[in-house]
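User: I would like to go through the sheets and helices of this model and ask what each description rests on.

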Amino acid sequence: MDLEHQDVKYLPGVGPKRAQLLADELQIRTLHDLLYTFPYKHIDRSRLYYIHELTADMPYVQVRGQILSFDTEGEGRKRRLVAHFTDGQGIIDLVWFNGIKYVMSVYKTRTDYIVFGRPSAFNGRINIAHPDVEPADSLRLNAMGLQPYYTTTEKMKRAGLNSRSLEHFTATLLERLDPLPETLPEYLVSSLHLVSLDEALRHIHYPTCAEDLRKARFRLKFEELFYIQLNIIRYARDRRQKYRSYVFSRVGELFHEFYGKKLPFELTGAQKRVIREIRHDMGSGRQMNRLLQGDVGSGKTLVALMSMLIALDNGYQACIMAPTEILAEQHYATFQSLLAGLPVRVELLTGTVKGRRRQCVLDGLETGGVQVLVGTHAVLEDTVRFKSLGMVVIDEQHRFGVAQRARLWSKNDNPPHVLVMTATPIPRTLAMTLYGDLDVSVIDELPPGRKPIQTLHQFDNRRESLYRGIRSQLDEGRQAYVVYPLIKESEKMDIKNLEDGYEQLCRDLPEYKISRVHGKMKPAEKEAEMQDFISGKTQILVATTVIEVGVNVPNASVMVIENAERFGLAQLHQLRGRVGRGADQSYCILVTKYQLSADTRKRIQIMTETNDGFEIAEADLKLRGPGDLEGTQQSGVAFTLRLADLARDGQLVQLAREMAGKVLDDDPHCAAAKNEILWRQFNKLKKDWVDWSAIS
Ligand code: ADP
Ligand code: MG
């Protein structure tokens, strides 16, 4: 049977109407799609309970018996249908709050049913709300073993198409299916003790026991991850051979002069090591594609600047792209002051640089007069043309989509060297999949003399002690941030919160000057307020998360995060990284309401216990799952994976990567006879893949 070309509508029991729904709601069009739509859970239905055994704390149970009678109880929205159900020894109530008409028309008294659901107690009696009810004699499939549960949508349910229907469809399909051909080569299947594809697909829907299910999932997850890794590694090796790039053979005057005369401090060991790695890449003749990970405050900017100087020393231009205007401006100011006195022209290009000034920058880029460009995504516009762009730095890369990054390529005949920097540490297994084709450098050392930030949790009804804390720091000449969340959906409320907070601070701390910044302000206004804080004219900055990335005010020693319960871990860590940049003790105060969910409490606890960005990233991945992590969404990887979970299947990712590497070492031309199945499958999959491995 050619599963991929057989329309699901011809499967007995489906038909054109339901096929349309399956296509619209679950993207199931062919029999192949149906086969690869896996249940999200299985429930053990091998045991029947007696009604007198049931208690309200049991998970799902099933009982067998008959409905004695129906009653409707309650009024209006509380109206419900109650069926009194007995197994001959005890009685429970089955309860429905909607679909009452339908239920009454379908279920009959004096008929044997198997009822399945979660028992609870009401008025001293046990009931089951919205149970699954099946005629006892029609039970087939796995209803008495591990029963699969499939995702369905509201629209499907309204049309009577539920998990049970999908169960029937897959059962029908599997009954008719000839053994499926293998999609992994025999030597992999046997050396890894995998079950065959045929067995795996049958058991992932209908396992006979938990162990079968585990083996089926293992095999399918491995296969999924394996082909992705094969794609990534092959792509990376390919590119290494194909793409030549500029050879920056010299480390010349600018670099040396900067290093010798301008550098305001000794580089950390980690900074030196990373600069060596970058120099080596840029001198190798192959295009650099390097991911630089380093916690907030670890000094990535300096590494970027020095790498850019190498490009300049070899006669090329360099460009750094930042995700926000404030950050771009800050980089621009930093670069200008660090490079003062060196013959380097640095220019800024953001959405607010307009008219004559903009034209002047654009001209400078085309003639080569401008050697360093600092900007936002404005640098991607077609009007921005370089004479010879040799090196590109992308700061806080998770803010940019893949497509945006790729556009920087097209600015040249030859691809420039690319350095991608992130302060949101990416757990290893995720990095292997998301950035598997990039080389990775890590700055795992903070500049010397920094004291770890102390993080405290405070409930928001204890303002006085909070203000006391802030005051004591300000009196020592330090500065403080007070940050409010800002979410699009509740923007008005959020800005009001910020304004209220600002006014309260003005009232309660009248002896200090306070700046205020949020996304709704005009750029010039924002800029002026920021500048007042940066220059020390104001002591407190009240802001929304516009300050999240990159702002650098070493004198600030207090970070107050209001409504901390509304921030994710990565964001909290980023915000905290705004302080602790000088030699003095800094503090981060997480202010929350009193009632917190378990998840939030966990987040706060992690924050108060560790300053290590990598630890926090791992915890974040476990708490949220990779689909929600910044970066995964744009990359599309979250959509590609059906079964594997990058948060939980780290070891399997590792295994898949190792195996894929071995296959390629062993068969670099993709032509070995023993890999025939493998490459055929690979090429088939490749057609459907978005090329999210091509990051830059
Ligand atoms: P991030 O990695 O978060 O981008 P930055 O590059 O903004 O960090 O650096 C944070 C602060 O540390 C800046 O004030 C910078 O001048 C300072 N810094 C960077 N490297 C060193 C160093 N080797 N010694 C001392 N201070 C440093
Ligand atoms: Mg930075």
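User: What makes helix α17 a helix that lies across strands, and which strands are they?

Analyst: Helix α17 (residues 491–508) lies across β18, β19 and β20, running at about 175° to β19. Contact means heavy atoms within 4.5 Å, and axes are lines fitted to C-alpha atoms, for helices over the stretch in contact, with angles from 0 to 180 degrees between N-to-C directions. Helices (H or I, at least four residues) and strands (E, at least two) are DSSP runs, numbered from the N terminus. This is a predicted model, in which local features need pLDDT of at least 70 and side-chain atom pairs count only at pLDDT 80 or more, while totals for chains, interfaces and linings use all residues. Residues are numbered from 1 along each chain as its sequence is written, and side-chain values use heavy atoms, with hydrogens and water left out.

User: How do you know that β18 and β20 pair?

Analyst: Two strands pair if DSSP finds at least two bridges between them; β18 (residues 479–483) and β20 (residues 540–543) have four bridges, in the parallel sense, and so they meet the definition. In β20, I540 is the bridge partner of A480.

User: Why are β17 and β19 called edge strands?

Analyst: The open sheet has six strands in the order β17-β22-β21-β18-β20-β19, with parallel pairing. β17 (454–459) and β19 (514–517) each have a single partner strand, so one side of each is left without a neighbour in the sheet.

User: What is the strand order of the open sheet of seven strands?

Analyst: The order is β12-β13-β11-β14-β15-β10-β16, again with parallel pairing, and its edge strands are β12 (346–349) and β16 (439–443).

Note on methods: Chains lettered and ligands numbered in written order.
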